[in-house]
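Subject: Structure handover and notes

Hello,

The structure is below, with my notes after it. Please read the two together.

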Amino acid sequence: MALDPRDIARTVRTRDWTLRYYEAGSGHPVVLLHGSGPGATGWSNFAGNIEALARHFHVYAVDMPGWGESDPATVDRLDHVAAAIQFLDALGIEKAAFVGNSMGGQTSLRLATEHPGRISHLVTMGPPVGRMPTLFGAGDGPSEGLKVLIEAYRDASPENMRRLVEIMVYDKARFATPELCQARSDAALARPEHLRNYVAGLPKGAPLPVWVKPELLPAVQTPTLLIHGRDDRVVPFETSLYLLANIPDSRLVLLNRCGHWAMIEHADEFNRLVTDFIANT
């Protein structure tokens with residue numbers, strides 16, 4: 001029987017936040033961190049992964065501050081690395097594997113450079129590295145996908161959510177269904193304070209006012225698995241090529257016919273890759 005999010009939803013109070021998370025399984029702790037899209041949550045990003053990973057590990061999919069059912073967060077309080085460390089401390093977790101999509105991948109990268117003793121394995125899917133020139137990406141500011149994402153924050157209608165989902169994935173017919181787009185719209189509009197805080201914080205760097213320092217990446221000793229879609233229109237795959245060149249103990253899986261949501265579009269392969277990597281590395 002498939003997991004029901006209502007059965008595995010939990011709430012924890014950390015030093016600064018009340019956080020919603022989804023918990024399943026036992027064994028080595030694995031923390032799943034979602035991306036920055038409107039309506040994104042630990043469940044919406046990882047519904048197709050939690051059960052498979054929980055057969056081998058103790059899985060925690062967290063709604064980060066400013067998303068889902070966790071506390072709202074203005075840009076001056078947005079530090080997801082600090083929030084992740086507080087989450088580990090509140091649950092008594094000394095060290096965990098971190099699996100992060102997009103914004104969650106950037107958080108995981110920072111955590112590996114700033115708190116190496118708290119992370120056992122690093123898995124990223126399409127993380128931005130920073131405001132750096134790219135060889136293949138557009139040079140006029142945010143990528144095509146990020147422009148659509150920001151517009152969906154300003155107007156989280158089902159139509160804008162359809163445009164967002166279509167640019168996030170390669171297989172539009174399969175994933176950009178009216179039902180999914182309506183559900184994403186409903187989830188985003190249910191927490192209007194999250195939408196307002198995101199838009200208000202854009203001039204000040206939201207959702208990532210603090211970035212990983214690229215010069216620290218060569219010192220990362222954490223075993224690292226980089227997964228990226230070749231067809232990613234949000235963060236170009238050359239970002240993961242850069243990470244591969246700079247993180248010593250890293251390997252890259254580049255997936256064809258895959259956009260920004262590798263864990264959703266290629267869930268079965270993603271689950272096998274992550275399970276094998278954490279269990280055997």
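To start with a charged pair, Asp4 and Arg6 form a salt bridge, with 2.7 Å between the closest N and O atoms. By salt bridge I mean a side-chain nitrogen of Lys or Arg within 4 Å of a carboxyl oxygen of Asp or Glu. Arg6 counts as exposed because its relative accessibility is 71%; the cut-offs are under 20% relative accessible area for buried, over 50% for exposed and partly exposed in between, with a 1.4 Å probe and protein chains only.

On provenance: this is a predicted model, in which local features need pLDDT of at least 70 and side-chain atom pairs count only at pLDDT 80 or more, while totals for chains, interfaces and linings use all residues. Residues are numbered from 1 along each chain as its sequence is written, and side-chain values use heavy atoms, with hydrogens and water left out.

Salt bridges

The structure holds 14 salt bridges. One of them joins Arg191 to Glu69, with the closest N and O atoms 3.7 Å apart. Arg191 is in the loop between α9 (178-189) and α10 (192-201) and Glu69 in the loop between β4 and α4, so this pair ties together parts that are 122 residues apart in sequence. Helices (H or I, at least four residues) and strands (E, at least two) are DSSP runs, numbered from the N terminus. Arg191 is buried at 15% relative accessibility, whereas Glu69 is partly exposed, at 46% relative accessible area.

Arg110 forms a salt bridge with Asp79, and here the closest N and O atoms are 3.1 Å apart. Distant parts of the chain are linked by this pair: Arg110 belongs to helix α5 (residues 103-114) and Asp79 to the loop between β4 and α4, 31 residues apart. Arg110 is buried, at 6% relative accessibility; Asp79 is partly exposed, with a relative accessible area of 28%. Salt bridges with shared partners also join Glu69, Arg191 and Glu193 into one network.

Asp63

Asp63 is buried but has no salt bridge, and the nearest side chain of opposite charge, Arg20, is 5.7 Å away. For charge, Lys and Arg count as positive and Asp and Glu as negative; His and the chain ends are not counted. Leaving aside neighbours within four places in sequence, the residues in contact with Asp63 (heavy atoms within 4.5 Å) include Arg20, His34, Trp43 and Glu69.

Aromatic rings

There are six aromatic pairs in the structure. Rings of Phe, Tyr and Trp (its six-membered ring) pair if their centres lie within 6.5 Å; planes under 30 degrees apart count as stacked, over 60 as edge-to-face and the rest as tilted. Tyr21 and Phe87 are an edge-to-face pair, 5.2 Å centre to centre with 80° between the planes. Tyr21 lies in strand β2 (residues 18-24) and Phe87 in helix α4, so the pair ties together parts 66 residues apart in sequence. Tyr21 is buried at 6% relative accessibility, and Phe87 is buried at 2%. Tyr60 and Phe87 have ring centres 6.0 Å apart and planes at 80°, so this pair is edge-to-face. Ring pairs link Tyr21, Tyr60 and Phe87 into a cluster.

Regards
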